[in-house]
Structure formats: C-alpha cells, structure tokens
Protein chains: 2
Amino acid sequence: MSLLKKTVLLSAAFGVAASMAFSGGDGPTPIERGIKARQAQMTLYAFNIGILGAMAKGDVDYNAEGAGLAASNLAALSAVWMPGAWLPGSDNASVKGTAALPKLWQDMADVGAKGQALAEAAQAMTLVAGTDLAGLRSGIGAVGKSCGACHESYRAKP
Amino acid sequence: MSLLKKTVLLSAAFGVAASMAFSGGDGPTPIERGIKARQAQMTLYAFNIGILGAMAKGDVDYNAEGAGLAASNLAALSAVWMPGAWLPGSDNASVKGTAALPKLWQDMADVGAKGQALAEAAQAMTLVAGTDLAGLRSGIGAVGKSCGACHESYRAKP
C-alpha cells in the first residue's frame, strides 16, 4: 500500500482531528489539544477508580471480573505518558480551561515520582482487586493516595 | 482477552450499571458517564495517532522518542476495555451526544474483533515507530485501517 493511500486511510479514520493536528489554521492549538488529552486521561482514571471505589464503599456489589478489569485499566492508563499534553504554558495562570498550577512545571522530577507512585499502586491493585472485596479494599487506599498527592500539590482548588 | 471473556465481563458490568442506575442523586447517569469515558479513550487515540500521522505526512520532523512514546501509548490504550462505557441504550438513537450506531450492540463479536485488530496494529507499531521514519510509515496504515474499520461500521457519519 502506498504512503499516500495510508495517509488517506489515516485521515479517513480520524477525520478532522488528526489531519488538523499540526496544520495550524482554525483548529485547536497544541496547548488546547494537550489539555484536552490530559483531561481525557484523568476522565479515564476517574471512571475506573469510580468502579473500584463504589465496590469498596459497598455502593455496588463486589464483582471480581469488573474489579479486575478496572484495575488493569488503571495500570494500562498509568503507562500512558504524553509530554505533548503537558506543554509549558498550559498552566492555569497562562490559559483557561485547566486547573494545573504553574508549579507543576517547576518540579518535573517530583511530578514524575508521583506518577510512578500511581503506576505502582495501580499495578499492585491488579494483583488483589479480582480476588475478593477485602483484596480490593487493601489496594484502593494507595491508589487514592497517589492521585491525591499529585492533585494536592499541582491542581488548583475548585 | 478472548471474545468470550469480554462478553462475560460485559454482562457483569451491565449488572453493576443496572444497580447504579437507580442510585438516585443529581450526577451524570451511568450512560452519560460511560459515553464520556469512551469518548475520552477516543480522544487519547486521536492525540497519539495525530503525533504519528503528522510525522508520517512530513508535517513535523520525525522524532524517534516521540514516535516510540506515541506508539506505546496506543498499545496501552488498546488494552483499556471498559464494558461500562458501552452500555446498551447508549447509542445515538437512544441518547444525544454520541455517534455510536445502534448496530454496534448487535454484533459485539465483530466489535471485539475490530478492537483486537487495533490492539495488534498498535503493538506492531511499537516495534517500528521508534526505529526510523520508514518504520513508522510501514506501521501506520494498519493502525489507521483498524480505526477506520470500526468507525465505518459503527459510527454515524458527521
């Protein structure tokens, strides 16, 4: 298949979003696209932690398959690292539509360490979430703590 | 994951969702939350494929590290499977805010196969994207094709 044809296929698959990605013009800016992408990642974290949290609290019945799947989703998501979603100048003092504080960009080593803590907590969760409710409950504290650590330091209070 | 296992998990998640559906409160419904989550996953696919596509087309210079990262992100994202994001009744004939056609729910085996094709194309991409531009170009057609296959069948035309 020719590159041209592949490019056409790609454009067909993603339509405007992909083809405009770096084209300038009237589409979203790289900073706007980046903020949207990182917020999408947060949405997916929240969705999957919500499943686990509802079971941990007893709001819904424990379900081993659903819990295991949510935990493995968290682990997969914690492996998604998008530097282009955290561009300098995409903080809440520079642009609207984000709660990310400027100081996030002042200590990237700490941000990375906090991300690593989340990845490890999510990985640990995959080992216990599908076992039983006690297992799920044993792992969820570390997951929540790792989320909170980053939010506490780098996200503006609502 | 096998299609059978996915089907079982899907059924399990429906139970969870059903019990959440009647929990009351003023927050988003399970269907609204699910649509938001699946659209977030698509946003992340598009963001990472946009990076690869821009390099493939020559809109931006090839960058081995960035390409490899985008490819590994795609592979990680393709492992995220959220049955609760695809609840029956979340099609575009039933609710607003989605382009998912009702027929998606009529052939889940095909949907699963198309998802598997994406996972395999993304995995293959991780082996070539970080090598050089030719490698990236050799892998991107299959990724775009796998995206397009599902969109063509199950997404409403804009």
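The accessible surface of chain A amounts to about 7,800 Å², and carbon and sulfur atoms hold 61% of that area. The model is predicted. Of the 158 residues in chain A, 41% are buried. Among the contacts in chain A with a separation of 6 or more, 67% join residues 24 or more positions apart.

Chain A contains five helices and zero strands. Read from the N terminus, its elements follow the order α-α-α-α-α.

Over all chains, the structure has two aromatic pairs. They are listed below.

| Pair | Centre to centre | Angle between planes | Class |
|---|---|---|---|
| A:Trp86 and A:Trp105 | 6.4 Å | 45° | tilted |
| B:Trp86 and B:Trp105 | 6.4 Å | 45° | tilted |

A pair of aromatic rings is described by the distance of the centres and the angle of the planes. Planes under 30 degrees apart would count as stacked and those over 60 as edge-to-face. With planes at 45°, the pair of B:Trp86 and B:Trp105 is therefore tilted.

In chain A, A:Trp86 and A:Trp105 both sit in the loop between helix H3 (64-78) and helix H4 (108-128), and their pair links distant parts of the chain, 19 residues apart. A:Trp86 and A:Trp105 are both buried.

In chain B, the loop between helix H3 (64-78) and helix H4 (108-128) holds B:Trp86 as well as B:Trp105, so the pair ties together parts 19 residues apart in sequence. B:Trp86 has a relative accessible area of 13%. Buried means under 20%, and B:Trp86 is therefore buried.

Note on methods: Residues numbered from 1 in each chain as written. Chains lettered and ligands numbered in written order. Predicted model: local features only at pLDDT ≥ 70, side-chain atom pairs only at ≥ 80, totals over all residues. Heavy atoms only, no water. Phe/Tyr/Trp six-rings, centres within 6.5 Å; stacked < 30°, edge-to-face > 60°. Helix = DSSP H or I, 4+ residues; strand = E, 2+ residues; numbered from the N terminus. Buried < 20%, exposed > 50% of the residue type's maximum accessible area, 1.4 Å probe, protein only. Contact = heavy atoms within 4.5 Å. Areas by Shrake-Rupley, 256 points an atom, 1.4 Å probe, with all protein chains shown as cover.
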